[in-house]
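Trainee: Could you take me through one part of this model closely, and then show me how that part fits with its surroundings?

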Number of protein chains: 2
Amino acid sequence: MQNSENNYVYGKNPVFEILLKNPKRINKIYIQKGIFYDNRLKKINDLAFQNKIQIQQTNLQKFYEYFEEKPNFQGVVASVCPVEYINLEDFLDIKKDGFKKIVILDGIVDPHNLGAIIRTTAAAGFDAVMVSNHRCAPITAVVEKISSGAVNHIPIIKTTSLSASIELLKKHDFWVIATQMEAKDNYYEIDYTDMNFALVMGSEGKGISKTILNKADFTVKLESDFESLNVSAAAAVIIYEAKRQINIKQPKSL
Amino acid sequence: MQNSENNYVYGKNPVFEILLKNPKRINKIYIQKGIFYDNRLKKINDLAFQNKIQIQQTNLQKFYEYFEEKPNFQGVVASVCPVEYINLEDFLDIKKDGFKKIVILDGIVDPHNLGAIIRTTAAAGFDAVMVSNHRCAPITAVVEKISSGAVNHIPIIKTTSLSASIELLKKHDFWVIATQMEAKDNYYEIDYTDMNFALVMGSEGKGISKTILNKADFTVKLESDFESLNVSAAAAVIIYEAKRQINIKQPKSL
């Protein structure tokens with residue numbers, strides 16, 4: 001079965017999150033025969049019923065063949081359509097009070113890093129993640145699981161040309177911040193609070209492609225005493241530095 | 001072969017790092033028969049020769065049986081003694097200008113998170129990582145690989161009682177900072193620059209154990225719009241916030 005990892009999502013939280021946010025994506029839910037229904041499984045059952053989604057009790061072992069590793073299904077597998085991506089144009093049309101913040105991933109091919117960064121970006125309250133068609137890992141079940149279902153909480157913009165999309169962002173008053181080992185400024189030395197911005201993270205091996213770097217308004221570095229940071233750790237540090245600055249500037253009551 | 005994952009390290013960077021920092025740990029190096037020697041493999045070869053470590057050219061497939069997944073050996077496997085842990089007492093005896101900063105892991109059982117946090121802690125220039133004998137994943141080849149060899153760059157303190165070790169740290173003028181969802185203060189609202197401190201990170205599922213929480217001098221939270229952050233992302237954010245504060249206070253020229 002080709003590309004089968006795109007078509008199954010497993011684990012209580014990921015399945016529950018899709019049911020909550022994006023039930024149209026689900027074709028059918030499979031629950032392990034004879035399993036005890038804990039609260040989470042009961043909720044999945046109820047939500048599926050409300051959304052008229054069929055549940056089949058079965059032996060989930062048969063789904064092992066669709067995955068490279070034998071995953072821990074936690075008793076539930078859902079057959080789904082791939083994540084509904086959003087177009088950049090549609091994202092730009094969304095009205096928002098205040099500034100928009102997005103993360104752009106250039107060449108992140110490891111599904112663990114991809115899932116981890118999407119989870120952190122959602123956690124920090126950013127507005128979207130943008131990935132490239134060609135130069136990024138696809139949003140598979142593994143990515144979805146590692147993101148802890150966050151792929152359904154934050155819009156994922158998919159683009160066929162990062163370069164053209166970045167031009168379009170700039171036309172719409174976004175500032176582009178690229179991370180680069182050789183940058184002069186530390187990531188905490190720029191002010192994230194008064195602009196729409198797109199933070200570009202590159203792959204650990206190759207970094208950000210030159211075309212993209214040339215389009216950046218700022219480059220920032222993240223110092224390290226031992227090699228570079230893992231890209232998902234680096235993303236977490238910079239994303240939360242932006243959040244910290246914004247939190248300090250805008251007290252919660254506003 | 002029991003605990004075999006403790007005894008093999010694979011991948012060019014991890015093997016190279018041990019050769020550089022801790023060659024005594026290596027019993028023997030195995031290199032894939034017929035592989036092209038790139039610069040990294042040549043360096044491994046030279047360092048092994050200098051340290052009188054035997055190299056055997058062989059088919060590395062035979063090592064698959066020692067690992068749950070089939071890892072990418074990158075052409076090199078080393079048979080090693082487990083990481084040399086350091087005692088807390090010995091760590092406390094190490095003289096240092098300025099304050100010491102360590103990370104304590106309470107119940108981190110996922111080897112990916114363990115490796116990622118050790119890597120970040122080393123990258124931020126912290127002084128040690130402390131793990132518990134009972135409540136933490138062991139430092140296996142998987143952890144070593146994910147840490148990108150950082151387990152050889154930063155002392156790993158192993159303790160049989162986190163609780164007793166934290167008492168000892170406090171007697172030696174360390175302040176204990178615990179992360180907790182319910183804390184009042186944000187992680188960036190405390191001053192990391194004027195004290196020895198130990199940052200305690202708990203497991204995602206269970207958090208920090210109550211005994212340890214009760215011993216903490218501060219508890220801090222990390223806000224999230226979507227579930228909690230992954231523990232290795234949260235660790236990166238807080239560790240680098242401490243580093244940021246210290247960098248700002250002590251310009252590099254000092």
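Mentor: Let's start with helix α8 of chain B, residues 231-249, which lies across β5, β8 and β10 of chain B and runs at about 165° to β10(B). Bear in mind that this is a predicted model.

Now look at the sheet under that helix. It is an open sheet of seven strands in chain B, ordered β7-β6-β5-β10-β8-β11-β9, with parallel pairing. The edge positions belong to β7 (156-159) and β9 (185-186) of chain B; each has a single partner strand, so one side of each is left without a neighbour in the sheet.

Further in, β8 (residues 174-179) and β10 (residues 196-202) of chain B pair in the parallel sense over five bridges. If you want one bridge to find on screen, take F174(B), whose partner in β10(B) is N196(B).

Another helix to pick out is α6 of chain B, residues 162-171. Helix α6(B) lies across β5 (101-106), β6 (128-132), β7, β8 and β10 of chain B, and runs at about 135° to β8(B).

Next, zoom in on V200(B). Setting aside neighbours within four places in sequence, V200(B) is in contact with I104(B), D106(B), V176(B), I177(B), A178(B), T179(B), I208(B), I212(B) and A216(B). As background, nonpolar side chains tend to be buried together in soluble globular proteins.

Now bring in the other chain. Chain A can be laid on chain B with an RMSD of 0.1 Å, using a turn of 180° and a shift of 0.1 Å along the axis. That is how a two-fold axis relates two copies. The same surface serves both of them, as 100% of the contact residues of chain A recur in chain B. To find the axis from chain A, go to V237(A): of the residues of that chain, V237(A) comes closest, with its C-alpha at 2.3 Å.

As for the contact itself, 24 residues come from chain A and 24 residues from chain B. On the side of chain A that touches chain B, the elements giving two or more residues are α4 (111-123) and α8 (231-249) of chain A. Helix α8(A) gives the most, with six residues. By class, that side of chain A has twelve nonpolar, seven polar and five charged residues.

So much for the tour: we began with α8(B) lying across β5, β8 and β10 of chain B, and ended with α8(A) giving the most to the side of chain A that touches chain B.

Terms used: Residues are numbered from 1 along each chain as its sequence is written. Chains are lettered from A and ligands numbered from 1 in the order in which they are written. This is a predicted model: local features need pLDDT of at least 70, side-chain atom pairs count only at pLDDT 80 or more; totals for chains, interfaces and linings use all residues. Two residues are in contact if their C-beta atoms, placed from the backbone, lie within 7 Å. Copies are superposed by least squares on the C-alpha atoms of residues with pLDDT of at least 70 in both. Helices (H or I, at least four residues) and strands (E, at least two) are DSSP runs, numbered from the N terminus. Ala, Val, Leu, Ile, Met, Phe, Trp, Tyr, Cys and Pro count as nonpolar, Asp, Glu, Lys and Arg as charged, and the others, Gly among them, as polar. Two strands pair if DSSP finds at least two bridges between them. Axes are lines fitted to C-alpha atoms, for helices over the stretch in contact, and angles run from 0 to 180 degrees between N-to-C directions.
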